[in-house]
Amino acid sequence: MSDSSGTGDDWLSGPLSLGYSPVPDVHDELVSADGDVRPGWQGVSSFLADLSTDEWDRRWQQGQQAMREQGVTYNVYVGGEGDPAAWRLDPVPLVVSGAEWQALASALTQRATLLDLVLRDLLGKQTLLRDGHLPPALIAGHPGYFLPCVDPETANRPHLHFYGADLARAPDGQWRVMMDRTEAPSGFGYALANRNILSRVFPELLRSAGVHPVGTFFRDMRAGLDAISPGMNTDGRTILLTPGHGNEAYFEHAFLARQLGCTLAEADDLTVRGGHVFLKTLEGLQPVDVILRRTDSAWCDPLELRGDSTLGVPGLVAAARQGNVSVVNTLGSGVVESPGLMPFLPGLCQRLLGQDLQMPSVATWWCGQAAEREQVLAQLDRMVVKPAFPADPGEPAFGRAISEAARTAIADRIRVRPDRHIGQEHVGLSTAPTWSRHGLEPRAVMLRILLCRNGSGGWSVLPGGLVRVAPDRRGRVVSMQQGGGAKDVWVLGHSKAPEAASAGDRRPVPAAAAIRRAGGNLPSRTADSLFWLGRYQQRAEAQALRLRGAIACIDERLLPVATAEETAVLHGLLVNLLPREKAATDARGMLRQAGQSAFDPDNPMGLHDSIQQLYRNADTVRERLSQDSWLAVDRVKTALQAAERVAGRRGTRQDLLLPRLDDIIYALRALGGALNDTMSRGYGWRFHDLGRSLERAQQTVELFGATMLRQGGDNALVLNALLDISDCAVTYRGRYLAEPELVPVLDLLVADLENPRSLAHQLQQLLDHVEALSRLRGPLLGEDQRLAIAAFSAVRTADIAHLSTSQPDGSWPLLERLVEYLQSHLFDLGTAVAQRYFSHVTGRGAQMAIGGVEAETEGEAEAEPDDAIAPVSIVDINGNDESTVPRDNPA
């Protein structure tokens, strides 16, 4: 066996041998100090070393494909806003032997138990403060210590249900706790996603190496949540409370909710009535028993905690205090997350458990104590100075890496507010093999181990975890926000096949689940997002079809000599993409401007914005989308990016965009097919399809107005363009075997119920959906129903021959009246649907898009009564004024 430089080692060949050279003076997880492969790694390293470079690349392409299919993202904040970025997973796992894992699991189970007891006391009887075992300034000064959360009556109930510990291995090979995670620990979902991905990359290695599976842990997690339900509501539910899709770990929130069978909800989806928490659904308020929160305590209740929070539920603290809902972790649990508590844990462990603390924390000095403060100040050049409370601003300051002036400034801050600072020893993080474009290289790692309470009230430890990796070889700080990556954790020692498990290992058989069908228990915000997902999906398709139709309308080589008629048709097709000022008047210029405008990120009317909004709404309802549907969403975004690369090239011919626009259209239709095939025919599907049908009808009407009314309905170029953009050219030619003529084209695109692209078909779909949804609001006709009936009746009773009659001046008055009538009614229909079903979703200061317009809303809107109606005349588009229907009084 050769030295630890990594060159010439017999046990390393292929990709695994590419330049691996452990960092001196730190613990390396793969290679021991004498250059040997550590025992737990031998089987894994041998397998990886046998892979050729081509095989390695092939397998990792499968892994990256799996990440795309699952939509694994992590929002990186730039300028205060989260930008969804691909999850940076390293294909080389961190391997932990079974014996070492047992020691880690035992130590952290003890630590979780200890912190729970400390938390119960601090939020209960407070004997630790009263008896002097903890300094009052450390607790009372904590920004996360909330008096409304203190309740002695809850001291006998567990407060911690989920716990995470960030561990670092020091150069001496011993693990130390760097940070306790008790507020809303994250990583559970990412750990499972990591395992799912690597199981696609190394399926045979996972089995042959005896890696512990992680699925049982999540069953324990769900059983633990069920066990703490107050049990007063036979139809109560568990919800996962998320701050929203802008949160850095929103993927995990949606993924975990789906894994646990919880409803994913934001604060505006919940309300407190009579001390009980309810979920707002389309069929009314549904009781909530358990809230698994991923929102920090401070933001959870604007009534008793942070008054400026728009992420909280007013009255939640009171409901939890009354025992009507279980909130996990308990509100205020972040108080024991403070690193300033670490120096006191050994003594607390002896007092509360009668045991020595099994795993030490990194050496920590809280500057609120005089002797400890002086020690920190005296050794500032060897310390890492951090805020004592996680919520306080400020990054860790490494004394050895900053100037003398900077150390002096830190010392001054410590003297001014000593209780807000801690000093910690500098620990050289261990390194682990990480794959890079340069081959295998050592990078600093930190291990997060995660625990949950199970159904019996004890602790279950996730047999794996989440490893965070430094962004490069020289990095000594691991942070996902600063470009770091992640690893899966493989715990060895699992040898039982499922059929060989002993009786003692078998889990109790759960009670048979009650049969349920799709119903109205759909959160209103989710229905809103599904509705707008359908709208933006169809809007993007219409924009791509029109741009493609315009480019294909005239050969690129004929653009310089395009006729006035051809230029006018192009203008009608592209009018929504042309700038309001300084718009080109020649055919080539219009195509160039439209291509730029369509992919301009700052253009709210462009194709780029429509697809971005589609992605945002899909992300909001991610837990309700199948994996195939999410993969289709990702392919739409990928197709957009490919088109933008072509459009962004200087001097690009517009016809070169055609294949990329084809890809966008195909991806959008694949998404439509995936959603249609995988969504159960409940209210969620109806709102999504309602949005699609409404948008398609609006886009069709607008297309008529921009082309036929402006250029003349008997224009052959217009008729051909309409058939191509509406995807009806094949149908028309199959029926008529002739060149397009006005009357049959209008019949096909307006009145033909059998044509899925016709106005009549879309309006029939709209009417069917609003009629089915009306059961949620009672027997009386709503405004949305009246508008849908009126629009459908106008088209259904239209006389196509009359519509196609022009005046001597070239105008088309009846067609123009129909277009204006439908534009008005369809816009009002979108507003009516939003007001009837979605208006109560928004909270204080929030905004809701209604009919494409941002409207301020406050509080919780109540439904308007349906009995306040007044007749409104419906203009017969054939020229008669003969029918009236009731319409809600706008007052």
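I settled the classes before sorting any lining: Ala, Val, Leu, Ile, Met, Phe, Trp, Tyr, Cys and Pro count as nonpolar, Asp, Glu, Lys and Arg as charged, and the others, Gly among them, as polar. I also noted that this is a predicted model.

**Entry: cavities**

I asked how many cavities of 30 Å³ or more the structure holds. I found 4.

I took the largest cavity and read off a volume of about 170 Å³. Then I listed its lining. Q538, A542, L545 and R546 are in it. Sorted by class, the lining of the largest cavity has 4 nonpolar, 4 polar and 3 charged residues.

I went on to the second largest cavity. Its volume is about 70 Å³. F162, E183, A184, P185, F188 and M221 line it, along with L256, L292, R293, R294, V328 and N329. How do the residues of this lining divide into nonpolar, polar and charged? I got 8 nonpolar, 1 polar and 3 charged.

**Entry: a four-stranded sheet**

I traced an open sheet of 4 strands. The order is β13-β16-β14-β15, and the pairing is antiparallel. Which are the edge strands? They are β13 (364-366) and β15 (397-398), each pairing on one side only. I then looked at what packs on the sheet. Helix α12 (residues 370-378) does, and it touches β13, β14 and β16. The direction of α12 makes about 120° with that of β13.

β14 (residues 383-387) and β16 (residues 421-425) are antiparallel and share 5 bridges. V385 faces G423 of β16 there. For reference, strands of a sheet pair through backbone hydrogen bonds, either parallel or antiparallel.

**Entry: a hairpin**

I looked up β9 (residues 276-281) and β10 (residues 284-287). They run antiparallel and are joined by 4 bridges. The two strands form a hairpin, with 2 residues between them. F278 is placed opposite P287 in β10.

Is R407 buried or exposed? R407 counts as buried, because its relative accessibility is 16% and the cut-off is under 20%. R407 sits in helix α13 (residues 404-416). Leaving out residues up to four places away in sequence, I found that R407 touches L380, D381, G399 and I402.

R58 was next, in helix α2 (residues 53-70). R58 has a relative accessible area of 38%, so I logged R58 as partly exposed. I also checked R58 against V201. They are 143 residues apart in sequence, and their C-alpha atoms lie 9.0 Å apart in space.

**Entry: the whole chain**

I finished with the totals. The chain has 27 helices and 25 strands. It has 891 residues, and 56% of them count as buried. I also looked at contacts in the chain between residues at least 6 apart in sequence. Of these, 70% join residues at least 24 apart.

Conventions. Residues numbered from 1 in each chain as written. Predicted model: local features only at pLDDT ≥ 70, side-chain atom pairs only at ≥ 80, totals over all residues. Heavy atoms only, no water. Pairing = 2+ DSSP bridges. Contact = heavy atoms within 4.5 Å. Axes fitted to C-alpha atoms, helices over the stretch in contact; angles between N-to-C directions. 1 Å grid on protein atoms, 1.4 Å probe; cavity = no way out; pocket = protein on both sides within 12 Å on 5 of 7 lines; lining within 4 Å. Points joined across faces, edges and corners; volume = space filled by probe spheres on them. Buried < 20%, exposed > 50% of the residue type's maximum accessible area, 1.4 Å probe, protein only.
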